[in-house]
Amino acid sequence: NCNNFHKRLSAYNNRNQVVERRYYGTDGKLTNYKDDRFAIERCEYDDRGYVVLVAYFGKDEKPVACQAGWASSKAELDAQGRSVRQFFYDAKGKPTNPSKKIPEEFYKYDQWGNLNYMASADGNGKLIDNPQTGWCIRRQIYDLRGNLLEEAYFNKEDLPVASKTIGCHK
């Protein structure tokens, strides 16, 4: 199938939330999910039931980075359960290399819950420019219906920059 596995086994916690998924091939051995590098995915949840940790493991059951460049991710959530800070770690449990995946991201939301600020950081709270995108900060403005009206990009000094991925500042 297009997901590259024959069988998926899932384990659940007492809230009926998936805590582990394992992917197997027709030979009965662990296989990678789709065209990614992981064969096992594990999740942890906070007391409110929100995902706060995702980790990937290879066919050898050791930590492995997914195609996005990280092996585990830990989220800090606000009172509404939205991610306000997210950390990304490599297979050794250290912050990811920024050239592969920014190790830390900050998020802020407007009064209606729209994501209106995102910033890249070094894993210790210090803002850094993202080598993949060319920007550190993205700001967004929405109308009262939640329609995105403006999106703009800035470097770590909060100066306007063009995004490498879309080729403009806003």
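I started at T96, which sits in the loop between strand 6 (83-89) and strand 7 (104-109). Strands here are DSSP E runs of at least two residues, numbered from the N terminus. The model is predicted: local features need pLDDT of at least 70, side-chain atom pairs count only at pLDDT 80 or more, and totals for chains, interfaces and linings use all residues. Residues are numbered from 1 along each chain as its sequence is written, and side-chain values use heavy atoms, with hydrogens and water left out.

I checked burial next. T96 has 3% relative accessibility, so T96 counts as buried (under 20% relative accessible area; exposed is over 50%, partly exposed in between; 1.4 Å probe, protein chains only).

I then listed contacts (heavy atoms within 4.5 Å). Leaving out residues up to four places away in sequence, T96 touches G69, W70, F88, Y89, D90, K101, I102 and P103. A polar side-chain atom of T96 lies 2.6 Å from the backbone oxygen of K101.

Pairing takes at least two DSSP bridges between two strands.

I looked at one pair. Strand 2 (residues 18-24) runs antiparallel to strand 3 (residues 40-45) over 3 bridges. R22 stands opposite I40 in strand 3.

Last, I looked up A79, in the loop between strand 5 (72-77) and strand 6. A79 is exposed, at 68% relative accessible area. Its C-alpha atom is 9.7 Å from that of R48, 31 residues apart along the chain.

How values were computed: Helices (H or I, at least four residues) and strands (E, at least two) are DSSP runs, numbered from the N terminus. A polar contact is a pair of N or O atoms within 3.5 Å; within protein, one must be able to donate a hydrogen and the other to accept it, and residues adjacent in sequence count only if both atoms are side-chain atoms.
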